[in-house]
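Work through the exercises below with the structure in view. Try each task before reading its solution.

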Amino acid sequence: MLGNENSKSQVLVDMAEKKTRYEKLVHIYHSELYRFAYWLCRDPNIAEDLVQETFLRAWRSLDSLLDQKAAKPWLLTILRRENARRFERKQFDYSDVENDTLVDEKSVTLDDEMEQTVIQRQIAKLPDEYREPLLLQVVMGCSGEEIAEILDLNKNTVMTRLYRARNQLKEALSRDDEQLKGASN
Amino acid sequence: MDDLEFRRRISAQPNSTDKELVEFAEQHSERQEFINDMQAFDLDLANALDVPVPAGLAERILANTAAHAQNESLTTEQVNQAPADTSAQTPPQQKDNLIEASTRFKRARLPLAMAASVLVAVGAFLFSSEQNVAYAAGEHALAHVYYEINSLQKTEAISLATVNEKFAVLGGHLDELPGKVTYLMFCDFKGQKGLHLVFESDYGPMTVFIVPSKQQSFGIGDNDFQDDRFEGHINRGADADTILVASLGAPLENYNDRINGAIRWLN
């Protein structure tokens, strides 16, 4: 009976530790994961659902995360799987980024805002295979190795895609620029 | 390595600190310029991708998990109870299960109450950090550091030239920084656009906010502030306020002097 009480209090201690670990993960990664999810689906509501579901699954299998340093790729893998499930369940309509209201409270000048909208539109147009590694690198701060692991590609392929992603963006943006100049002439 | 490969590798990783790349770039100013261009482009990308995160998201995630965990622990206890029931009495009745469930619920109230009180505390913290009008400058600075806490984990170097490209927008220039810059962003400080950067020091990552003093974003409160993790100092200048936030115990004064001595205003 006494042993039972002890094991019960041990369970409570383990539970409290798990909770602390979990809360830390939520606080550290929720913003980045939300942004990553947002750029995968380009819908604030779906993005929040994805992040919620990701953390719920993370809570359920937190014991399988042995190394806290591996938390980021681990969470990203869960989130990507959740996103894929979404397509299995139902094909959502994609909203065009041009119709979205992306209000970024951090930018204050009109120039900045315009420039950001132009860049956002071009990022949205990138093929998935280029956009995703770029998001992992720029939004999530993942290294080449981490991206390779998450996307299950070899590192050279990741590097090539990152190069092409930026190249395509640069080209598209300079085309935009020329069109703008042409229009104002 | 030839120039083509160099460009491919920098385009793939503009902030790479790979020795081979750095040495190759040093041989030619054009190559260095290419790195600066790509790093500036990356900052534009990062700013464009930095969509606002809905307020209270962390709080909602924790609430959602607490609710699910509660339901799940109820179900698990019922399941665990089942074999004991069968051994004690022949075929388990559904009625018994119902009674079990309701007694379990009573026992589950304590953790539920604890979860609820944690949520209230988290909510109170989030709520207080959103009232960004009247509370003191130090709290505002700390809230901002916590809001972008990931900024302290970045490791890739951002060149001083890239920093100055951004800083020039505010009319300033930095001669040097006391460490490798790893984070650079324009941020909103109570309606005033300011520079948010993080550099690596011997005492861990330090955050610097340089915010033009026009709007008096850091107008109210003591110059020195701290909580149980960070401490900071506000240097109120004629052109801008410079706020330095470091881990508790770092020699703030020394770094503060070096940073403020390196800022020049171009007007």
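## Exercise 1: a salt bridge between chains

B:K154 and A:E32 form a salt bridge, with their closest N and O atoms 3.5 Å apart. This is a predicted model, in which local features need pLDDT of at least 70 and side-chain atom pairs count only at pLDDT 80 or more, while totals for chains, interfaces and linings use all residues. Residues are numbered from 1 along each chain as its sequence is written, chains are lettered from A and ligands numbered from 1 in the order in which they are written, and side-chain values use heavy atoms, with hydrogens and water left out.

Step 1. A salt bridge is a side-chain nitrogen of Lys or Arg within 4 Å of a carboxyl oxygen of Asp or Glu.

Step 2. Over all chains the structure holds 16 salt bridges. B:K154 lies in the loop between helix 7 (137-147) and helix 8 of chain B, and A:E32 in helix 1 (residues 2-41) of chain A, so the pair joins two chains. Helices (H or I, at least four residues) are DSSP runs, as are strands (E, at least two), and both are numbered from the N terminus.

Step 3. The rule finds 4 salt bridges across the interface of chain A and chain B.

## Exercise 2: the interface

Task: how many residues does the contact take from chain A and from chain B?

Step 1. Contact means heavy atoms within 4.5 Å. Chain A gives 48 residues and chain B gives 43 residues.

Step 2. Buried area is the accessible area (1.4 Å probe) that two parts lose on being put together, summed over both. For chain A and chain B this is about 4300 Å², 61% of it on carbon and sulfur atoms.

## Exercise 3: helix 3 and helix 8 of chain B

Task: is helix 3 of chain B parallel or oblique to helix 8 of chain B?

Step 1. The axes of helix 3 and helix 8 (residues 160-169) of chain B come within 9 Å and cross at roughly 50 degrees.

Step 2. That angle makes helix 3 of chain B oblique to helix 8 of chain B.

Step 3. Residues of the contact include B:N36 and B:L43 of helix 3 of chain B, and B:A161 and B:E165 of helix 8 of chain B.

## Exercise 4: a residue of chain A

Task: which residues does A:D176 touch, not counting residues up to four places away in sequence?

Step 1. A:D176 lies in helix 7 (residues 155-184) of chain A.

Step 2. With those places left out, A:D176 touches A:V118 and A:Q122.

Step 3. A:D176 and A:Q122 are 54 residues apart along the chain, and their C-alpha atoms are separated by 9.5 Å.

Technical notes: Axes fitted to C-alpha atoms, helices over the stretch in contact; angles between N-to-C directions. Parallel < 35°, antiparallel > 145°, perpendicular 65-115°, else oblique.
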